[in-house]
Amino acid sequence: MSGLDVEGLEAVRGSFRLGPVDLAVPDGSATALLGRSGAGKTTLLRTLAGFLPSARGRIRLGPTSLDRLPPERRGFGFVPPNLGLFPHQRVRENVAYPLRLRGVRDATVEAARWIDRFQLRELADRFPSQLSSGQQQRVAMARALASGPRALLWDEPLAALDVESRDVLLRLVRALLVSDHLPLLLVTHDPATALALADRIVVLERGRVRFDGRPELLAEVPLDRFLARFLGFENLLSLAEIDAGSDSVLASDLRAAAGPGGVVIPPGALRWDRSASGGTRARVSALRWNPGGWVVVVDEGPWTFQIRAGPETPGVRVGDPVRLSLDAAQLKPLSDRAEEGAA
Amino acid sequence: MSRGTVVARVIAGVLSASLIALFVLPLVALVAYTGWDGILGAASNGGFRTALEFTLLASGIAVGLGLLTGVPLGYVLARYRFPGRSVVESLVLVPVVIPHLVVGIALLLLFAPGNPVGGWVASLGIPVFEAIWGVVLVMLYVGASYVVLTSQLAFRSVDDDVLESARSLGATPAEAFLTVTLPSAARGILTGALLMWARGVSEVGGFIILAYAVYPSPPWNGPVTNPASVWIYDYYGIDPGLAVGAAALLVLVALGLFVVIRAVDRTGLFTALRGWWS
C-alpha cells in the first residue's frame, strides 16, 4: 500500500510496553493520535522515527521497509514536542539545513520557498530565541517539509498557537497533505486540532490502540474520562462522587445509569429552573460567559454542575436557589478503562 | 515597596558591591601604584617579555591539549550513563581542590626519569623537568577541569529534541555532532578555555617545583626563562617596582584577551563560524 503502514509494532521503554500497534495512514491524509499522558503516543512516534528500537513488528512507508533504517534514512518530517530548532542558526539556516545535507544546489532558494510558504520571510534573519512560540512552530514545520519527507510525524505541533494562527496553519497543512500526497501522524491534546485536521482518530490506552476510526465514530465508543473530556463533556461523576451525594433525589438515577467509571451527564440531560417545586434544590455558585453562551455553575450537595444556558443573560445571580432535574435517558455510563490505564 | 523590602535591597546591594569592590580595587591599586611608566618599563624589559612570550606559548599549547582531551570527556559525562560515572566526575574535580604546590611535587615524582612513566616520556624525547612540557603539564593539570566542567554543562544544555531533529532531517550521528551539538555548545566550551587559560597563566606553586627555570627545548627555542608568574614572584624580592609593573602588564594582557574574545563573540563572528557550513 501507499502511505504509512504499521503492523504489530511493539516497543519497550523501561517498564512501559507499547503495542502491539497496527495503524495505517494513507497518502494525503492525517491521523490524530490521542490518549492520556503516558498512553504511549510519544513513544510510538519516536519508535516510528527510529529513535527507540522496536521489539517486534513492521513499519513500512510506501514500498520501503523502515525497520532496519537509522532515523536519517527513514524519510520522516519529524517535529518533536520542543520543536528541536537549532538555537545557533537563523531561521533561514534552520530551514536550509536539510537541503544542504541532501546536497541541494540551490538550497538557499529552495529554503526561501518554504520560508515564504509559511509566511516567515520577515523573520528569516532571526534566531529561534527571538521568535514567539507560534513563529517557532512555523519554522519547525517549514524545516520538516523542506527535508523532502515521505511522511510527517508531528508531536503537539500547534500547541502554542492562538486560534487564528492555528486555523491558518491547519488550512496550510491540509493543503500540503493533499498537494504533496503526504501522510501525517500527529499527536495532539487539542480536540479542535484533531477534529479539524484528522481524517482518522487513533486513541492509545496503556500502549495499545483502543479506537481507530473516523472522528464521528468516536461518539459510539464506550466513554472513559479521557474520551468524555475530549468530546467536550463537562459534567462527569465517578462512583465515589455519586455515592458522596446519595441524599440527593438525583442520586438513584445517576447510580442506575453509571458504569464502572461513573457517569457522564450530557448538556441536554441536566435542566434548571426557578420553580418552587420539582427536581432537587440547588444553588448558583458562579456565572461564566464564553463565546458559546452563558454557563451557570450550580452546586448540589457535594456536586458541582456546569449548565449551558444559551446566549441570553441567565435570569439568576450567584447565590440564587434553583431546581435541578435530570433526563435519565440521556445519561451515559463511563467505563473504568482510563482509571486502570492512568499513567 | 515596603520598608523591609527597601532595607533588604540596600543590604543585598551593599554586600554585593563589597564583593565586586574586592575583585576590582586590588587591580586598580596595582595599576595605580605602578602607573603607565611601570607598565611600559615592564613591557620593555627583555627578561619579562621573554617570560611572557614563553607563557603565552605554553598556555596556548596547554589550552589546545585541554580542549582536545576535556571536550570529549565533557561530552561523555553529559550524554552517557555508565558505571563509575560519578567517580569520574569526582576525579575531574580533584585538581581544583588539591594545593597546587602538591601538584608540582606529584608531577615531578611521576615524571622523574627513574620512574617508568618519566622514563617512557624521556625516551620519546619530551623533557618535562625545567622544560616547556613541564609547564604545559602543570597548566593542563590545574586548568583542564574547567574545560571538562563547562563542556559538560554546555553539552547537557543541548536539547535531545534538537539532536533528534537533526537526525530526522538527514544528519548522520557524526554530522549531527559537528553541525548541531558542537556549535550549540561552543560558547560554553570557549568559556572553559578562557578559564583554563587564566588559571594556567596565574599558576605559581606547580611551576616552582617542576619548572622554576625553563631551558630551551622544542617548541620553546628561546633563551632560558621562567613562566611569567614565577618571573614576577622572583623579581618581587629583587626589584619590587619592576615586578609590580610586570604584574600590572600581565593583568592587562589577561583582561585584554578576555575583552577581545567577548567583543568578537558579540559581533556574531563565532556564530558565523559555528554555522560556517550552512
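Which strands of chain A form an open sheet, and in what order? The answer is S2-S1-S4-S5, four strands paired in the antiparallel sense. This is a predicted model, where local features need pLDDT of at least 70, side-chain atom pairs count only at pLDDT 80 or more, and totals for chains, interfaces and linings use all residues. Residues are numbered from 1 along each chain as its sequence is written, while chains are lettered from A and ligands numbered from 1 in the order in which they are written.

Back to the sheet. Strands here are DSSP runs (E, at least two residues), helices are runs of H or I with at least four, and both are numbered from the N terminus; two strands pair if DSSP finds at least two bridges between them. S2 (16-25) and S5 (64-65) of chain A each have a single partner strand, so they stand at the edges with one side lacking a neighbour in the sheet. S5(A) pairs with S4 (residues 56-61) of chain A over two bridges, and A:Leu61 stands opposite A:Thr64.

Now for A:Ala30, found in strand S3 (residues 30-34) of chain A. Contacts (C-beta atoms within 7 Å, placed from the backbone) link A:Ala30 to residues including A:Leu177, A:Leu184 and A:Asp199.

The largest nonpolar core has 161 residues. Such a core is a set of buried Ala, Val, Leu, Ile, Met, Phe, Trp, Tyr and Cys residues joined through C-beta atoms within 7 Å. Helix H6 (residues 132-156) of chain B gives the largest share, 17 residues. Among those with the most contacts inside the core are A:Val263 and B:Val138.

Here is chain B in brief.

| Feature of chain B | Value |
|---|---|
| Helices | 12 helices |
| Box of C-alpha atoms along the principal axes | roughly 70 × 65 × 35 Å |
| Buried share | 38% of 278 residues |

In helix H4 (residues 100-110) of chain B, the residues B:Val103, B:Gly104, B:Leu107 and B:Leu108 are buried. They cover an arc of only 130° around the axis (taken from the directions from the helix axis to the C-beta atoms), which puts them on the same side of H4(B). Their cover includes H3 (85-97), H6 and H9 (205-210) of chain B.

Technical notes: Buried ≥ 20, exposed ≤ 12 C-beta atoms within 10 Å, placed from the backbone. Contact = placed C-beta atoms within 7 Å. Lists of a residue's contacts leave out its neighbours within four places in sequence.
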